[in-house]
Amino acid sequence: MSRMLTRKLLPVRNILPPVTKRTSHVHRQRYDVIVVGGGHAGTEAAAAAARVGAETLLVTQKTHTIGALSCNPSLGGVGKGHLVREIDALDGLCGRAGDWAGIHFSILNRRKGPAVWGPRAQLDRQRYREFIQAELLSTPRLEVLEGSVEELLVTDPNPEEPGRHRVTGIRLANGSRSISASSVVLTTGTFLSGSLFVGHTVSPGGRIGDAPSSSGLSQTLRERLGLRVGRLRTGTPPRVLKDSVDLSLAKLHPPDSHPTPFSFMNTRTRCKPEEQLPCYLTYTTPGVERVVRESLHLNCHIQQDAKGPRYCPSIESRVLRFPGRRHQVWLEPEGMTSDLLYPQGLSMTMPPDVQLRLIREIPAMHRAEIHTPGYGVQYDYVCPTQLSPALQVKNTQGLFLAGQINGTTGYEEAAAQGLWAGVNAARWARSLPPAVLSRTESYIGVLIDDLVSRGVNEPYRMFTSRAEFRTSLRPDNADLRLTLKGSLLGCVSSARRDEFLRVKLRLQDAEAALRALTLSPAGWRKMMPGISVSESKNGSLSGMDLLQYKDVSFEMLASLFPEQLSPHMEFSERLKIEAVYKPHCDLSKREVERIQKEENMSLPQDLDYFSLPVSLSKEVREILDRFRPSTLGAATRLEGMTPAAVVNLLNYVQIAERKERMMNRSNAGHQEGRGDDLCARNASLPQ
Amino acid sequence: MRVTVYLFSGRNVPLCRRLSSGDGVLAGLADADTIFALSSGHGRCGVAVVRISGPAATTALRCMVGLRKHLPPPRTALLRSITDPHSKEVLDRGLVLWFPAPHSFTGEDSVEFHIHGGPAVITAVLQALGSVPGMRPAEAGEFTRRAFHAGKLDLTEVEGLGDLIHAETEAQRRQALRQMSGDLGRLYQDWSHRLKRCLAHVEAFIDFSEDELIEDGVLDRVDISVCDLQAEINQHLKDERRGERLRSGVHVVIAGATNAGKSSLLNTLCQRPAAIVSPIAGTTRDVVETALDIGGFPVLLSDTAGLRDSPDLVEQEGVRRARERCLLVLNKTDLLPEAQREQLSLGLRGTSGLPPVCLISCQTSEGLKDFLTVCADPLSGAPTLTQARHRAHLQQCAAALAQYWRYRDSDLALAAEGVRLALTGLGRITGRVGAEEILDIIFKDFCIGK
């Protein structure tokens, strides 16, 4: 077991059960950052804010459910795995928690190229919760409070800055106690005006078994702050008793024989390779479709208009959209010792007795018993175009939103936003300029940019196809892309920073060693008879060049040059990937620079697009007014923008910048800095 | 960012401005002005079109064509007397058209006068318009610029329009019209649509296939599609730059052995004795140039001294290059008996590696019609490339598709990158394709869900 895991193993054992550590009173009257919600976004936000140095309070309805996996017992996948790796590179929790709780590891897309490999694991729910809770409770500067937030405290709009509120803290439900803070991060998930649907029954709430959140919060956001909200829906399948399922009728799906950890800090997972549990694959039958059709009139959720995710649809929408087909159903373990199975793909909202009838139409489940029925959730989300790239609400200083409240779906998407909102909430509390992640350097940047500049009209999930620089944003190099930046922000522990520096130096050494090995093409052919080495322009090829060949591995080169290369065996896979991808990444550099340049051209948030004295069509003015892009780059990516409009905006930005430069020049010496605006303009950190 | 926008005026003055972060950009216009200009070409012509655009366009209708009370029905030609607004003198009798905003070329209220083409009439009408309050003559390219700002034109259309205004000959006008009405646009849109599907299917295979139901045949279908697209784009690129030549005119050199009849051909083509012809080899000493219109092509025809074998290496290379892109003309067929001519014709057709061949006789004009068809019908067949910019992007596109094959079996992410780059290249002509569009296709074509 690796050094890190051993270290983490102890606190978990020591603090079980975590419920005993819950706090019912707070030690301070004022915090830098208050995080509301203890899901994936909330826990990452609280931990990140505390890491950056903020005195942080996490408020959640039940400390017991901190780190609960409300839906599927798995983490990662294609695109989502990329996010986990990036969160880990910034020292977030979920990667290490996944290594701790994983009971079935596999790399998806193994045959499709390292840029799209999808690290994924089935998780033990209990272990995941344990890890997150232990981690949070041992984080310095972080306190956890069990309670319900009744109201968000905000100031009246500042007359100097029209429409600008400032958050001052929260008021708790019981006893109307207020706690003040410079920043508040809301991560209320599906609890914002959430309704639960089972058959005809509709009850308020965001997750089964939990109390609904107070309506006060939702009211503050909508009425006090005037935020636009939309409604989305999602659902979860019934949990099935494992013993009641005939697994011999389903196809066994084994894990990878060598589990690959999510975290850059781990070389092994807690679960030993041979201890891993399998998944099972089975299919729907025409009977399933029949039951869905017969029960449509009993199904309230499915008849509503709220938008559900297209890629994680309920069995009802799958059958209705693609009739006459068999659909996959994965039977996934819920934990090492759990007696439940999670039927992935059977999310449903019909009455419980019909749910039972439906699953029994599948041969492997013909005698299955349901432990908890599936249900649907409808909830409000805040249209994320009202947020800045730091995930701060544009019209309310110090208020940050992360997770499903922003219209996303998925643990990883929530965790990624949580981490970044936490970092920025802490920076706001300490009067530091916002930190921005570019879409050219990370999936987290792609996620946030898509949200704040384009908005959502269905629950947003990450796909690798959303990242235009997919060849450089790979799971293998997330540390090289982000850890140094995280370290400069202060959200990376010294242990991780040291490990990162070690890896970076060793990788550089290894690359140098490969480049130093030069031979003529004929020389290489002699050494590696099986490889058809092509001629080169300057007459010689380096080991790095050779590594680009499909059939050449680092191990092969190391066996030919053991003296020079065997010290670098630790990085054989990373070196091979880097060699293959480097030429492609170099090609996209210019495009990256162009985007970064456009991202640096900020558009003032208070711009009145309707009276802007440039030639823009009414339609474009409306689009710009609605989305209020923060930068020219974001404006370019808006749907409905014409090339002419972009040119005109570019013109405007340049004239405005020129004016500002001239003003700054004439003001030089009189004035230091120009407040928020200038901060926003210089937001990106040193690259 | 670097965008090149070509703007053209009604007076055939090209106004090209390069837009980039460092250079000057288009200034916002005070669009309140009403502008007018002669929109048809200069010089003597049958009909001249005067175009007026802006809020005061209706004023022109009221005070110059006597439509005081009622505006005419939109987009309908009316025959009216056009009078001077002050002296009430009748300037001309012509057609008047009224295009209310936003359904006009510029998106603003517009009026067109179709008047007689004499310079005196045109000058009188323009002067009269200039005396109407709120009107001023248009600046170079201003109509197009207003149309562009009103979102009436995309970049391809602006370029096509530029060509239209520049069209000095019939074929150019036809090709420009084709591009505007979207022949080329349609072709590129079709490619773009197919590439989008290819990309969507590869992306679906990457983002979903392993644990969801994406049929295995998906990639095979993409293979076929990519293969077809590659062939079509390469074919299109191999159009020998006909479209580009159509825009700028073609330089044709008549070359050949001495006394082959080069000058006779020149004279026959321009239908006047432009060059001196004689049976004596080496009569032409200097290059004789004549501008011609062949099948709508602007052609600059040059008669040269005969080709000789030269010991000079540079000249040899020049001759070799000249032979690469040529049309083979065999003159003096009248001197051959019929049977031999047939034989020659058959033999030539059976020989591969030859350029297009024409058998003619300048003496009898036999075969001349075929010759003209072969040398100038750029409009037959597929639409042709009119912009060097398009060619560059299409070449990028074709090169990127090659990347798909290079990585098809070893790294699908890099193969997909090839398709994505191809789509980006094409998107520079047809408009950008966003990730959402790709996802839309994925969700339409596949049942994704777990």
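Here is a short chat about a few local features of this predicted model.

Modeller: Residues are numbered from 1 along each chain as its sequence is written, and chains are lettered from A in the order in which they are written. Local features need pLDDT of at least 70 in this predicted model, and side-chain values use heavy atoms, with hydrogens and water left out.

Biologist: Is A:Leu391, with its positive phi, buried or exposed?

Modeller: A:Leu391 is not a glycine, yet its phi is about 70°. This leucine lies in the loop between β19 (375-382) and β20 (396-397) of chain A; strands here are DSSP runs of E, at least two residues, and helices are runs of H or I, at least four, numbered from the N terminus. Buried means under 20% relative accessible area, exposed over 50% and partly exposed in between (1.4 Å probe, protein chains only). Because its relative accessible area is 0%, A:Leu391 is buried.

Biologist: Thanks! What is the accessibility class of B:Lys332?

Modeller: B:Lys332 sits in the loop between β12 (328-330) and α11 (338-350) of chain B. Its phi is positive too, near 65°, and this residue is other than glycine. Its relative accessibility is 30%, so B:Lys332 counts as partly exposed.

Biologist: Which residue does a cis peptide bond join to B:Ala101?

Modeller: Happy to show you that one. Look in the loop between β6 (90-99) and β7 (110-116) of chain B, which holds the proline concerned. Omega is about 0° for the bond, and the partner of B:Ala101 is B:Pro102.

Biologist: And where is A:Leu501?

Modeller: At 37% relative accessibility, A:Leu501 counts as partly exposed. Its place in chain A is helix α14 (residues 494-516).

Note on methods
Predicted model: local features only at pLDDT ≥ 70, side-chain atom pairs only at ≥ 80, totals over all residues.
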